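Hi,

Here is the structure I promised to pass on.

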Amino acid sequence: MFKTVRMQKLKIMALDEYVPNVVKNLHEEGIVQVEDVSESIQQNPKTAELLDPSKVTPYTGKISSLLMKTTSISELLGDALSVNSGIKDKLKGFISPEIPVLQDVEDMDTESFIKYTESILTEVGPLTDEVQDKLAKLDSEKSSLESNINVANKLKSVDLDLSLLEDSKHTSSLVGRMNVESVEEYKKELSEITDQLLIEEAHDEDEDYKILITVVPTNLRDDVFILLRKFDFERLDTTGLEGKPDQVIAKSNSRIQEIEVQKSQVNSSLKDIADKWDDKILVLKEQLEIEKERNEIYASFGKTKTTKVLEAYVPKPKVDKAIEVLDKTTEGNYVYELEDIQDRDEDVPILQKNNSYAKPYETLVQMYGPVKYNAIDPTIFVAITFPFFFGFCLTDGGYGIIVTLLGYLLYKGMGKMNETFSDFGKIVMACGIWAIILGLITNGFIGDFFTRFLGITIPTVIPMFDAFKHPANILIVAIAVGILYTNIGFIIGAINNLRNGDKKEALGSQIVWFILEIGIILLAAGYMVPAIGQIGIIAGLALVVLTLILLVYASGIYGVMDVFGFLGDVLSYARLLALCLATGGIAMTVNILAQLVGTSIPYVGIIIAVILFIFGHIANFAFQVLGAGVNALRLNYVEFFGQFFVNGKNMFEPFKAKRKFTKVKR
């Protein structure tokens with residue numbers, strides 16, 4: 001629970017003929033993290049004399065190509081199936097997603113699998129290609145028509161057949177918009193180029209612009225166009241347009257409607273294809289992804305003329321299973337070496353080991369960083385405190401019920417499809433339950449809903465912890481929790497430092513604060529308890545002085561400033577009270593406003609009051625839940641982890657076949 005899984009390094013040499021099956025079976029088991037041998041070959045001359053870097057298999061390029069095509073088809077079919085899905089369908093998919101039934105697939109060698117894939121794509125590819133071509137042509141035509149409509153709309157004031165503006169053998173027409181202030185200057189400079197021209201002007205929808213039609217001899221077209229660019233001329237392309245602008249718009253809109261009907265028919269045929277092929281293509285895509293990963297892993301191996309060499313990290317409890325896989329796969333035709341990992345090895349991948357309750361919270365720890373290999377894993381502490389801090393910040397039973405329900409929906413919905421969603425669902429439920437418990441203790445249930453609207457007191461309230469009457473008591477609890485949790489951080493930090501042989505760091509960064517705390521307790525006892533009196537004061541002062549000496553010893557003269565950091569960490573837990581009061585205070589304000597509106601405005605007052613009540617609490621709920629989550633994380637990441645946490649290098653990433661739609665037929 002408090003330590004990460006111990007690792008061993010497994011070095012394997014196997015004959016080439018057995019390697020594909022070794023890779024396949026280790027991939028299916030997912031119990032090793034393969035390391036790149038090529039790096040050690042390049043860095044170690046002795047190793048380079050014995051081994052050459054291996055390369056990906058010759059099949060890798062072909063598999064990648066097939067995967068790209070399959071992915072394209074899968075996306076097309078997926079889009080076709082989701083065309084008519086609305087918000088209701090998406091909400092249903094989130095709350096109660098359909099769990100795919102695992103399809104049995106044959107265990108084939110790479111070459112046979114490539115042939116099988118090609119046969120499937122040869123059958124479905126022409127069907128989807130034909131549909132894509134039709135849709136592409138229709139979309140292209142629609143885009144062109146929309147461009148025509150845009151041009152025609154800008155030329156609405158031009159009362160002539162736009163086909164007359166087509167370039168001829170002897171003349172060219174330049175049509176577009178120009179700023180009104182530039183028109184006269186343009187005409188003046190144009191007259192210096194030629195007097196063989198025709199200029200027509202028309203009004204534009206924007207009063208600052210004019211429509212200009214300039215007809216010039218073809219041989220002067222480029223010169224005129226250069227001049228137009230000088231005046232920021234916006235050219236309008238009338239190529240292919242026939243009829244007056246209104247006629248162009250009407251004709252284009254009519255054709256667009258026809259295109260939409262045709263697209264609907266094509267999409268309907270595509271849906272028929274998707275109904276038949278989507279599941280098969282998803283299965284094929286997953287198989288290709290797995291096969292691609294297997295063929296690419298060879299680049300991490302070393303090789304001789306007849307063998308391959310690979311190195312992998314294996315969790316110690318899984319070593320026997322890995323050896324068993326190798327024995328069965330190679331029929332004993334391999335050699336291996338197991339290497340124990342030193343605690344101070346910083347390159348070891350991290351695999352956390354926690355009970356079922358704490359397991360989901362590993363994600364929160366990993367968001368901060370991987371735990372160092374030989375350090376204490378703080379996940380169990382986060383699992384206890386994060387939902388408690390969240391509930392303390394929210395401290396409202398009504399809001400807590402909503403949070404719990406949201407967590408349950410996440411857990412029972414997308415949690416069935418994805419382990420991360422399942423973990424977050426469990427975390428959110430725990431947070432909601434703590435908010436309910438603490439809300440019922442501190443008289444928080446949708447603010448003061450019970451007392452204000454029902455005239456009763458929540459029977460579970462503990463009077464001394466009523467947030468509306470005795471906030472000082474809640475502050476004392478918050479600070480006490482802060483001192484306790486900070487001390488736990490000091491203990492973990494001291495253990496980590498002593499394990500690493502860094503006694504000075506343990507003394508100056510962790511143990512010193514226990515001495516200070518004992519000194520403060522003795523000082524307080526000396527003043528408050530007559531029986532202790534002067535002895536307590538002297539002993540307390542001595543420990544405070546000792547604290548300052550140890551801080552200077554460990555960190556120099558500036559180490560004394562750490563006292564303020566210590567006090568800041570402890571006082572930071574006062575935010576628990578601040579957010580608790582913020583939730584209750586704003587909720588109570590919403591209730592007061594709703595009550596005033598409901599009683600003071602005749603007839604419609606009750607309706608307005610209900611609307612104000614609902615939306616006011618929705619807004620407060622959203623802000624307070626966000627604040628509770630952020631501050632619960634902060635108290636762990638900054639105030640707690642800051643006392644001891646040292647990042648490891650990376651998490652354990654097993655070489656594992658990710659199967660969501662398939663299972664290998666045995």
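Four strands make up an open sheet in the order E6-E7-E5-E8, with antiparallel pairing (helices, H or I with at least four residues, and strands, E with at least two, are DSSP runs numbered from the N terminus; two strands pair if DSSP finds at least two bridges between them). The edges are strand E6 (198-203) and strand E8 (234-235), each with a single partner strand, so one side of each has no neighbour in the sheet. Helix H8 (residues 221-230) packs on this sheet and touches E5, E7 and E8, and its direction makes about 5° with that of E5. (Contact means heavy atoms within 4.5 Å; axes are lines fitted to C-alpha atoms, for helices over the stretch in contact, with angles from 0 to 180 degrees between N-to-C directions.) Strand E5 (residues 171-179) pairs with strand E7 (residues 209-217) in the antiparallel sense over 9 bridges, and Thr 171 sits opposite Pro 217 in E7.

Before going on, a word on what you're looking at: this is a predicted model, where local features need pLDDT of at least 70 and side-chain atom pairs count only at pLDDT 80 or more, while totals for chains, interfaces and linings use all residues. Residues are numbered from 1 along each chain as its sequence is written, and side-chain values use heavy atoms, with hydrogens and water left out.

Next, strand E10 (residues 307-315). It is largely enclosed by the rest of the structure, because 9 of its 9 residues are buried (under 20% relative accessible area, with exposed over 50% and partly exposed in between, using a 1.4 Å probe and protein chains only). Both faces are covered: Thr 307, Val 309, Glu 311, Tyr 313 and Pro 315 are buried on one side, and Lys 308, Leu 310, Ala 312 and Val 314 on the other.

Which strands does E10 pair with? Strand E1 (residues 7-15) runs antiparallel to E10 over 9 bridges, with Ile 12 opposite Leu 310. Strand E2 (residues 33-35) is antiparallel to E10 too, joined by 3 bridges, and Glu 35 has Glu 311 as its bridge partner.

Ser 74 is in helix H4 (residues 60-81) and counts as buried at 9% relative accessibility. Ser 74 touches Asp 278, Ile 281, Leu 282 and Lys 285, leaving aside residues up to four places away in sequence. Asn 443 has a positive phi of about 70° although it is not a glycine; it lies in the loop between helix H14 (419-442) and helix H15 (449-454).

Cheers
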